[in-house]
Amino acid sequence: PNLERAVAFFTAATDHHVQPEVVAEVVLDIVNGRSKLFRNPAGPDSVHALALRTSISDEDWIASAGMDEESWIHSMEGMGLNVRNYLNRL
C-alpha cells in the first residue's frame, strides 16, 4: 500500500507542478547567498506541505505509513493533493 500511496502522491503533485523558472529562482537565491534556509520552498504548494510536515513529530510521520486509507487521503487533501483519483484498485 505504501508504494501505491507514493505513486498517487507524486502523480497528484504533478497536477500542481511548479514552473522550472520558479525553481531556478530559488536555486539562484541559494547559490548567490540570498537564502540561508535549510529548506527553500519553490511554489505555493511547497510552503503548505513543509508546514504540515513540521507540524508533526518524526515518530508520527513514520507512523503515518500505517494509517488507514481514508485518514491518509484526508491528510493529503490537507496539503491540497487529490490523491483519491490516483489510487489504483487492483
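**Helix H1 and its surroundings**

User: How far does helix H1 (residues 2-14) reach from its first C-alpha to its last?
Analyst: Helix H1 has 13 residues, helices being DSSP runs of H or I with at least four residues, numbered from the N terminus. The expected span is 1.5 Å times one less than the number of residues, and for H1 this comes to 18 Å. From its first C-alpha to its last, H1 reaches a length close to that expectation, namely 18 Å.

User: On what kind of model do these values rest?
Analyst: Residues are numbered from 1 along each chain as its sequence is written, and side-chain values use heavy atoms, with hydrogens and water left out. Local features need pLDDT of at least 70, side-chain atom pairs count only at pLDDT 80 or more, and totals for chains, interfaces and linings use all residues, for this is a predicted model.

User: Which residues of H1 are buried, and within what arc do they fall?
Analyst: Buried means under 20% relative accessible area, exposed over 50%, and partly exposed in between (1.4 Å probe, protein chains only). In H1 the buried residues are Arg5, Ala8 and Ala12. Seen down the helix axis, with directions taken from the axis to the C-beta atoms, they line one face of H1 because they fall within an arc of 65°.

User: Which residues on the other side of H1 are exposed, and which helix is included in the cover of its buried residues?
Analyst: Leu3 and Phe10 are exposed on the other side of H1. The cover over the buried residues of H1 includes helix H5 (69-77).

User: Where does Asn40 lie, and which residues is it in contact with beyond its neighbours within four places in sequence?
Analyst: Asn40 is placed in the loop between H2 and helix H3 (44-54). With a relative accessibility of 24%, Asn40 counts as partly exposed. Beyond those sequence neighbours, its contacts (heavy atoms within 4.5 Å) are Val26, Ile30 and Ser35.

User: How many helices and strands does the protein chain have, and what share of its residues counts as buried?
Analyst: The protein chain has five helices and zero strands, and from the N terminus on its elements run α-α-α-α-α. Its C-alpha atoms fill a box of roughly 45 × 30 × 20 Å along the principal axes. Of its 90 residues, the share that counts as buried is 18%.

How values were computed: Helix = DSSP H or I, 4+ residues; strand = E, 2+ residues; numbered from the N terminus.
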